[in-house]
Protein chains: 2
Amino acid sequence: MKVIQKINNALAQNQVTFSFEYFPPRTEEGVENLYERMDRMAGLQPLFCDITWGAGGSTADLTLDIAIKMQNMICVESMMHLTCTNMPVDKIDKALDGIKANGIQNVLALRGDPPHGQDKFVQVSGGFSCALDLVKHIRAHYGDYFGITVAGYPEAHPDAITSEEGATEEAYHKDLLYLKEKVDAGADVIITQLFYDTDLFLKFYNDCRQIGITCPIVPGIMPINNYKGFKRMTGFCKTKIPAEVANALEPIKDDDKAVTAYGIHLGTEMCKKILAHGIKNVHIYTLNLDKSAFGILQNLGLVDISKIRRPLPWRPPTNINRAKEDVRPIFWANRPRSYISRTVTWEDFPHGKWGDTRSPAYGAYADYQFLRRRSRNKKIQEEWVVPLNDVKGIYELFANYCAGKIKSHPWSELEGLQPETAKINTKLVEINSKGFLTVNSQPAVNGERSDSPTVGWGGPGGYVYQKAYVEFFCAPEKLDKLVEKVKGLSSVTYIAVSSKGETRANIGPNDVNAVTWGVFPAKEILQPTVVDPVSFMVWKDEAFQTWDAEWGSLYAEDDASKKIIQEVKDKYFLVSLVENDFIGGDCFGFFEDL
Amino acid sequence: MKVIQKINNALAQNQVTFSFEYFPPRTEEGVENLYERMDRMAGLQPLFCDITWGAGGSTADLTLDIAIKMQNMICVESMMHLTCTNMPVDKIDKALDGIKANGIQNVLALRGDPPHGQDKFVQVSGGFSCALDLVKHIRAHYGDYFGITVAGYPEAHPDAITSEEGATEEAYHKDLLYLKEKVDAGADVIITQLFYDTDLFLKFYNDCRQIGITCPIVPGIMPINNYKGFKRMTGFCKTKIPAEVANALEPIKDDDKAVTAYGIHLGTEMCKKILAHGIKNVHIYTLNLDKSAFGILQNLGLVDISKIRRPLPWRPPTNINRAKEDVRPIFWANRPRSYISRTVTWEDFPHGKWGDTRSPAYGAYADYQFLRRRSRNKKIQEEWVVPLNDVKGIYELFANYCAGKIKSHPWSELEGLQPETAKINTKLVEINSKGFLTVNSQPAVNGERSDSPTVGWGGPGGYVYQKAYVEFFCAPEKLDKLVEKVKGLSSVTYIAVSSKGETRANIGPNDVNAVTWGVFPAKEILQPTVVDPVSFMVWKDEAFQTWDAEWGSLYAEDDASKKIIQEVKDKYFLVSLVENDFIGGDCFGFFEDL
């Protein structure tokens, strides 16, 4: 969705919003760490995140890649910076086509700084000389598809600042009129350059309104993390430093912790003053760090975790092509990125692929671990790659995960169990200790309010429901006992399959079971999570492959433990089991005498 | 669905089934009465109903019409008889094409009796000489589309019966082989000629099995209602009358009531003996009467009303083209035939027309009163066409209907309120007395078992839900008050429209609201009833038109009451209101201080 729409939606509900800016790191590990941080920060529900375009286009490919991953894998609304420096039109269009094809709708159009080592901006042959022309080009060639944001300079553009006292009144006014031209040409949001003098920003804001700029003007706040960085950046941008800021920093400038703390304090005060003027949006230049941004937002009361509401049980996609996606199979609940990458070629998601006759055709099991590859493998290595004497050792590891003793799980992209699982942790530990090795589960929920902090989703005014679900590997003998027991329980349905494809089930191959649903005013029933036998048969390959790909393979080639893992993989069944009686049933008690 | 499939489905669940045969009445009023009776008998959930083809094709058009109405309006699985008498192939195909186009899948293929006044069957030029050729023709020209039933003669075909002692062993055996030929040619069910000697039937049944007839053989039971009719029919068919039957009838033959009572007793005993032999299907020749059929089925314990379960909240269609229909707007809940006739051209019903982007396009408001036109109008005339002094008189009539004091309602095809409405009758009386003239309503239901006799549907093992719904006409001033009150109640949504098309609503035009839904094992959530604003705008024309078409027009042209009705129609709004909080809300209490 376009940022302007999101801002307008929030304004209609009188909500304060915030957004985060990142830059492309220089190393591969840096990029991995950034994704990890973004993922955590996405949980705070920023309105959008943007990624900068390195000076002179130096990071073009990486910026594009990060924007696409942010939008599609992190599932946060993404805005890509785009500059004119060293960019002939064909390169500009290639970048825009690239994000459009990946469902991104937001661009921040800039002239851009000169490349490193150059003093002045130079227009490239076949390119543009200013952001205005870039805005015009985007509107002319892409119509209304993109939301276009432009930069506003509360102290005028640095190029217009010719003395220590800042820009002349004339230069400032000229710059303001230029900003209006950019808006008139089609920009729909303004984000400002960083500033530390809030009054200057507020004056700028009023000046914009005076000359007829009506679009949202979002203040760009750069928390001070580090004195040297602060001096470099404000020097580069020719930013005025109020005396009280300079005075406050001087005595603590060598104490990074104190500087950061002050930065949070200053950022908070600046935002408070801005919000007090009725401005509802704040943009944070994070410098790829989360602490200061989090500190400021917490001080402002904008990130009360208990108030953060899930629109759906899973993090909804922001890719415009997936905007209507409203149902997923439960199997990938702990591997949402794997699911996204395996369904990326789907053309429509009216009801996922369910509820009609077309069967899902999944892509290959790949790109499943885009996030935290290194750190995740490290954790799995530490927690799971331990000597195993027999299968009991495996049971213990699975049980320990459910008990919270270890945090990583080969079958999960996520860290630790989901909060709602707290209800059933003890049961899960028991079940796993008995050799039913759970990889996915949810408790039953019978009509809890949709704003419940643990199981709620979809906003207030509704009721949410779940059928208890548990998915596990178990030995064939254990499955026999289970199948026998289920015969007496009409409410329990299951489907089981071995790595070789032997199946057992008491449901048909097309019996799609809604296991999470919600009832809301003036809506059809939403049913965002289903057990779909067709998808299960796709998922099972991934689930079995995981024994080796994400666990066994981390042992030394001749390790005896590896053989035990391999045996379990070859012999065990993967079982998907639903207790359909979400009112009177007890899916987890069910295992007690097995 | 084909009768053979339905029989096989029932056998798989070890269910006993029954079916009813009717013949085309001679007068228009007779046809109307038959529909009324069929509709009541359809409530007993017969496996199918069949309609005979008058001797010599004399009722061809009427038979076709009745078959189509049975299938599409009564919504019972229909089987049309078809005979060879006076039917060249083109006529046969026209009849078959006719029922196929109307979603009927079942034919009873017969040679047929000679036309009235003729003694012997005569093959028509370009036609067939026997049922076997008709079966072959249907299979050759229509492939597997039709389920084909043929007649079996436990005492051999009457033409083969040459003496009082019945057919010779040779003639009987020849007839049996001919039956096998019909089955081998493609018939999949046998219904027998009437008989009164159950042992003869059981012998016939075994003989059929002996020669390799494996399809279902359904005994045809004709309850004795009337001595003369019994004598005529058994004479015509050369049916053996066991001595004990003749002896029992002799002393009561002039007492119709006693004969009917004996007929029920005899039919019951015959069926019991048949069922005791493991035969699971019984076909009843009703002679268009319901009493004897009902009596026998009741004696057999096959029509325990408290055990009859609704597959959906509305009677599901049997037309094969509507087989997937699983959702309807609530507006036509009391006018299901009007709904069917207005949607008859729809090509698919995957989710009705909801849940996707195609908007419903309804047919004209016509054929809305196919059932009980005369008797219904008579009741409306008696109960509603009374002198009115002012609008209060109207309020009283609406209130009286909810109080059960009158049984007919201009806005309802049905008789009296639906059983589930009992919960809210008192409230409805109050609401109507205040001038909120209800035409449709349902109480809230919060997770009752799906086999509940009042609100249950969809079979056992599930839970059903409803949002409280009420639809009414009211004066603009009353609507103003209501709108004001609703502002404080976030759970109440409404849409209101006047006859001139002025609308007021607190929902969007595409906000489809599921108001009845059910949760079942291994299924997606079923949501068979919705409030759909687009459909409401179609329905409102029908609802407003009804003031005049089904009420006002029944008064004399210059009656003052008629003018009052016209004023209300012109001035009032039609309001559709949902209390979305099906757990804590109270939609009907809501009106108390209005």
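Let's start in chain B: B:Asp65 and B:Lys69 both sit in helix 3 (residues 60-74), four residues apart, about one turn of the helix. Helices (H or I, at least four residues) and strands (E, at least two) are DSSP runs, numbered from the N terminus. Everything here comes from a predicted model, where local features need pLDDT of at least 70, side-chain atom pairs count only at pLDDT 80 or more, and totals for chains, interfaces and linings use all residues. Residues are numbered from 1 along each chain as its sequence is written, chains are lettered from A and ligands numbered from 1 in the order in which they are written, and side-chain values use heavy atoms, with hydrogens and water left out.

Back to our pair. B:Asp65 and B:Lys69 form a salt bridge, with their closest N and O atoms 3.4 Å apart. A salt bridge here is a side-chain nitrogen of Lys or Arg within 4 Å of a carboxyl oxygen of Asp or Glu. Side chains of opposite charge can pair when their charged atoms come close. B:Asp65 is partly exposed at 33% relative accessibility, whereas B:Lys69 counts as buried at 16%. Buried means under 20% relative accessible area, exposed means over 50%, and partly exposed is in between (1.4 Å probe, protein chains only).

Which parts of chain B does the pair B:Arg337 and B:Glu413 tie together? Their side chains meet in a salt bridge (4.0 Å, N to O). B:Arg337 lies in helix 12 (residues 336-342) and B:Glu413 in the loop between helix 14 (391-402) and helix 15 (425-433), so the pair links parts that are 76 residues apart in sequence. Both B:Arg337 and B:Glu413 are buried. Over in chain A, salt bridges also build a network, linking A:Arg335, A:Arg342, A:Glu542 and A:Glu550.

Now for the big picture. Two copies of a chain are related by a rotation about an axis and a shift along it. The same surface serves both copies, as 100% of the contact residues of chain A recur in chain B. The superposition is by least squares on the C-alpha atoms of residues with pLDDT of at least 70 in both copies, and contact means heavy atoms within 4.5 Å.

Within chain A, the domain assignment gives domain 1 (3-307) and domain 2 (324-591). Such bounds come from an automatic or database domain assignment. The centres of domain 1 and domain 2 of chain A, taken over C-alpha atoms, are 40 Å apart.

## A buried valine

Is A:Val259 buried or exposed? A:Val259 is buried, with a relative accessible area of 0%. This valine is part of helix 10 (residues 256-276) of chain A. Leaving aside neighbours within four places in sequence, A:Val259 has several contacts, among them A:Ile224, A:Tyr227, A:Leu249 and A:Ile252.

## Loops worth a look

Most residues other than glycine have a negative phi, and most peptide bonds are trans. A:Asn288 has a positive phi of about 65° although it is not a glycine. A:Asn288 is in the loop between strand 8 and helix 11 of chain A and is buried, at 7% relative accessible area. In chain B, B:Lys238 also has a positive phi, near 55°. B:Lys238 sits in the loop between helix 8 (227-237) and helix 9 (243-249) and is partly exposed, at 39%.

Another loop residue is B:Asp559, between helix 17 (533-549) and helix 18 (560-571) of chain B. The C-alpha atoms of B:Asp559 and B:Leu388 are separated by 9.4 Å, with the two residues 171 apart along the chain.
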